[in-house]
Amino acid sequence: DDTLANALSYIYKERGEPLVFRPIGRLDKNTSGISVIAKHAVSASFLHYARSHSLIQKKYIALLDGCIARDSDIHTTKTFMKRMQDSVIIRCIGEENDPDSFEAITHWRVLFSNDAVSLVEAIPETGRTHQLRVHFAHLGHPIIGDDIYGTANEIIPRHALHAYSLSLPLPYGDKITTFVSMPPEDMQNAFNLLSGKELCTLI
């Protein structure tokens, strides 16, 4: 119910075509933005190879709680992460020598900040579950609306995280193609309320 796989199943059923769902990566529930689905096994194999060799780059936009001083630097947060004990969903910061912990690396930069909100662009180098949400909470600035790693917020009914840009090599060639999806209305409205600025003008 209400998943990307269900939506594609419906579309392909309407077309009278068979579907094998072949996602290349994933987005957390309630994270908006771009996803990649391979149409057939050859493309899936190529794209999984590209992903495992860091040839696919995804950029996110996030609204963070509080002020992070704006500068022109690209910052890197590097930790180890693991699944929280007794939970199949929640992740936490782990220790390097813990066999259940895995390295997590996020590059990020501040696009705007005031006392209420910081707008950041984040590029995950690794793809751990909930990585961006855990990293920004670890920095003391959880994603606005994140009811697991921060607090729910009445101005947006989900965590304010959006995968807005994705660059990847297309099968049957070496050309890098970039796709862009601007943040949806709920994020734009939330940012406008907190900053008085238009989100799309700052990306």
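Helices and strands here are DSSP runs, numbered from the N terminus. By that numbering, H141 sits in the loop between α3 (131-138) and β9. The model is predicted. This briefing covers that loop, then the hairpin that includes β9.

- H141 is buried, because its relative accessible area is 16% and buried means under 20%.
- Setting aside neighbours within four places in sequence, H141 is in contact with L64, D65, G66, C67, I68 and F136.
- One of these residues, D65, also has its backbone oxygen 2.8 Å from a polar atom of the H141 side chain.
- H141 and D174 are 33 residues apart in sequence. Their C-alpha atoms lie 38 Å apart in space.

- I148 is partly exposed, because its relative accessible area is 35%, in between the 20% limit for buried and the 50% limit for exposed.

- Strand β9 covers residues 161-169, and strand β10 covers residues 176-180.
- The two strands run antiparallel. Five bridges join them.
- P169 has I176 in β10 as its bridge partner.
- Six residues lie between β9 and β10 in this hairpin.
- Y172 is in the turn and has a positive phi of about 70°.

Note on methods. Residues numbered from 1 in each chain as written. Predicted model: local features only at pLDDT ≥ 70, side-chain atom pairs only at ≥ 80, totals over all residues. Heavy atoms only, no water. Pairing = 2+ DSSP bridges. Helix = DSSP H or I, 4+ residues; strand = E, 2+ residues; numbered from the N terminus. Buried < 20%, exposed > 50% of the residue type's maximum accessible area, 1.4 Å probe, protein only. Contact = heavy atoms within 4.5 Å. Polar contact = N/O pair within 3.5 Å; in protein donor to acceptor, adjacent residues only side chain to side chain.
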